[in-house]
Amino acid sequence: MEKWNKITIDTTTEAVDAISYQLGELGISGIEVIDHVPLSEEDRKTMYVDLLPDEIAPDDGTAKILCYVDEDADVESLISDISVMLQELSQFLNVGAATVSLGETKDEDWVNNWKKYFKPFRLDDNIIIKPTWEVLKEQKEDDIVVEIDPGTAFGTGSHETTRLCIHQLKKHIKEDTTLLDLGCGSGILSIIALKLGVKKAVGTDIDPNAICATEENCQINHITKEQMTVYQGNLLTDEAFCSMLGTGCYDIVVANILADVIIPLCGIVTPFLREDGLFVTSGIIHTKEEDVVQAMKDNHLEIIEINHMKDWVSITAKPERS
């Protein structure tokens, strides 16, 4: 059975988003957050949750971030990088105790721990995300239900960045829309887009586990290979891979990644798009918004809409007309 190194960071709820973002920059994708923040009224309305467990303590502003990394990883170097990152963040953010400790966990422990808290929820008015192991108790006639098993390396779709992308996709998807999903992860954006009416979706990711997860989730949701194809490759370093994806083939290119990946993507995305095609981006922490905006302008992309949700930003653009 596979084992994982578990790095625990003691911090504050205020700093969770910023630290999680920086952990992503360090290449850590397996993150679990433990805090005592109660569900808001909005959360209660959109999630299938009646009551919080009685044993949950009052919110004291503290949080733990658990990072799961491969047992063969250079943990000492990683902990050092995390400590430096926390020190830098502490200059402008209350990071709390900011202690970093190391433990170990079995693969099944991690999987079963997060599965306990992943319940069906409404992504928006008529889209429900349902884990494969849960039974849906409540459903409206026009609901679109997406079943997903994200595995240990990918998100469940509940994050603000996913919601921002779906908000844009719902506005622009038409009957014959073709979609290119850069950094498809679990495939959730493409699967939702196909259920919303996209004719054909193509997904890419640099992680082979993402390809497997996307293919499995497509099968669960009865998405055929004719409807969606996924490829492993790096668009930023492999010109042949870019060429293989096709030129002028897509009505929408969506990238829900990190700002530091979206910025260089701005320089290569236009050839993928059909005339009047759209580049829909998210995963941008608010402190990087201006950097992404500038990258789009530098690469002759006209910004048509910017949306915010909490600390996250979505920017939709199209190529400037010559």
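Visitor: Is aspartate 10 buried or exposed?
Guide: Aspartate 10 counts as buried, because its relative accessibility is 19% and buried means under 20% relative accessible area, with exposed over 50% and partly exposed in between (1.4 Å probe, protein chains only). This is a predicted model, where local features need pLDDT of at least 70, side-chain atom pairs count only at pLDDT 80 or more, and totals for chains, interfaces and linings use all residues. Residues are numbered from 1 along each chain as its sequence is written, and side-chain values use heavy atoms, with hydrogens and water left out.

Visitor: Which side chain does aspartate 10 meet in a salt bridge?
Guide: That of lysine 64, at 2.4 Å, N to O. A salt bridge here is a side-chain nitrogen of Lys or Arg within 4 Å of a carboxyl oxygen of Asp or Glu.

Visitor: How many salt bridges does the structure hold?
Guide: The structure holds 10. One of them joins glutamate 305 and lysine 171 at 2.6 Å, N to O. Glutamate 305 lies in strand β13 (residues 301-309) and lysine 171 in helix α5, 134 residues apart.

Visitor: Nice. What about arginine 274?
Guide: Its side chain meets that of aspartate 251 in a salt bridge of 3.2 Å, N to O. Arginine 274 is in strand β12 (residues 273-285) and aspartate 251 in strand β11 (residues 250-256). Salt bridges that share partners also join Glu275, Asp276 and Arg321 into one network.

Visitor: Switching to helices: at what angle do α5 and α6 pack?
Guide: About 30°, with the axes of α5 (residues 160-172) and α6 (residues 188-195) 11 Å apart. Axes are lines fitted to C-alpha atoms, for helices over the stretch in contact, and angles run from 0 to 180 degrees between N-to-C directions. That makes the two helices roughly parallel, since angles under 35 degrees count as such, over 145 as roughly antiparallel, 65 to 115 as roughly perpendicular and the rest as oblique.

Visitor: Which residues make the contact?
Guide: Thr162, Cys165, Ile166 and Leu169 of α5, with Leu189, Ile192 and Ala193 of α6; contact means heavy atoms within 4.5 Å.

Key. Helices (H or I, at least four residues) and strands (E, at least two) are DSSP runs, numbered from the N terminus.
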